[in-house]
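Okay, thanks everyone, let's get going.

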Amino acid sequence: MATTNDLKNGIVLNIDGQLWTVTSFQHVKPGKGGAFVRTTLKNVLSGKVVDKTFNAGIKVETANVDRSEMTYLYNDGVDYVFMDPDTYDQVSVSPETVGDAAGYMLENSTVTLARHEGEPLYVELPASVELTIAHTDPGVQGDRSTGGNKPAELETGATVQVPLFIESGEKIRVDPRDGRYLGRVK
């Protein structure tokens with residue numbers, strides 16, 4: 001348990017049996033009446049964002065979320081298998097929990113796995129990942145009707161929009177949060 005005065009960004013709260021991450025907070029002391037804390041919360045599982053106001057000093061239940069570096073090993077056909085590099089313990093995680101991150105994970109890549117009471121919550125990837133383009137159509141000079149972008153399929157199976165000059169076999173940097181092309185890797 002903590003009080004609303006202890007809130008900070010990144011802390012996970014247990015509200016009505018659901019886990020919420022504090023993404024922003026503001027202590028407000030109006031001229032009249034009691035102080036309160038205005039927060040923006042993001043649901044850990046669904047990603048839903050809500051604004052919630054708490055009276056200052058009331059107790060809120062915090063949740064213990066363990067974030068640990070894990071190595072992605074393989075997909076066994078049903079689940080994704082991760083390994084703790086220190087203890088060599090393996091953890092199977094369902095595709096629903098991995099979510100969109102699956103399209104940007106290569107075998108033996110390092111990810112962050114968040115768990116609550118041993119149960120996997122979500123997989124976090126680095127801010128950018130380097131992947132090779134498996135296939136993309138050649139860009140036609142003068143074809144600007146699409147804004148200078150074309151679809152490219154990555155080695156993981158995900159599809160991203162890349163500039164026309166990118167060719168198959170090139171290594172690019174991608175933002176896994178929204179699938180944005182960030183640049184070529186030299």
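**The pocket**

So, the largest pocket here has a volume of about 770 Å³. By pocket I mean, on a 1 Å grid over the protein atoms alone, an open set of points where a 1.4 Å probe fits, with protein on both sides within 12 Å along at least five of seven lines; lining residues have an atom within 4 Å of a point. Grid points are joined across faces, edges and corners, and the volume is the space filled by probe spheres set on them.

There are 27 lining residues, and K42, V44, Y122, V123 and E124 sit closest to the centre. β3 (18-28), β4 (36-43), α1 (95-98) and β11 (119-124) are the elements that give two or more residues. β11 gives the most, four residues. Helices (H or I, at least four residues) and strands (E, at least two) are DSSP runs, numbered from the N terminus.

Quick caveats: this is a predicted model, local features need pLDDT of at least 70, side-chain atom pairs count only at 80 or more, and totals for chains, interfaces and linings use all residues. Numbering starts from 1 along each chain as its sequence is written, and side-chain values use heavy atoms, leaving out hydrogens and water.

**Around β13**

Now β13, residues 149-154. In the β13-β14 hairpin, with four residues between the strands, G157 has a positive phi near 105 degrees.

Key: Pairing = 2+ DSSP bridges.
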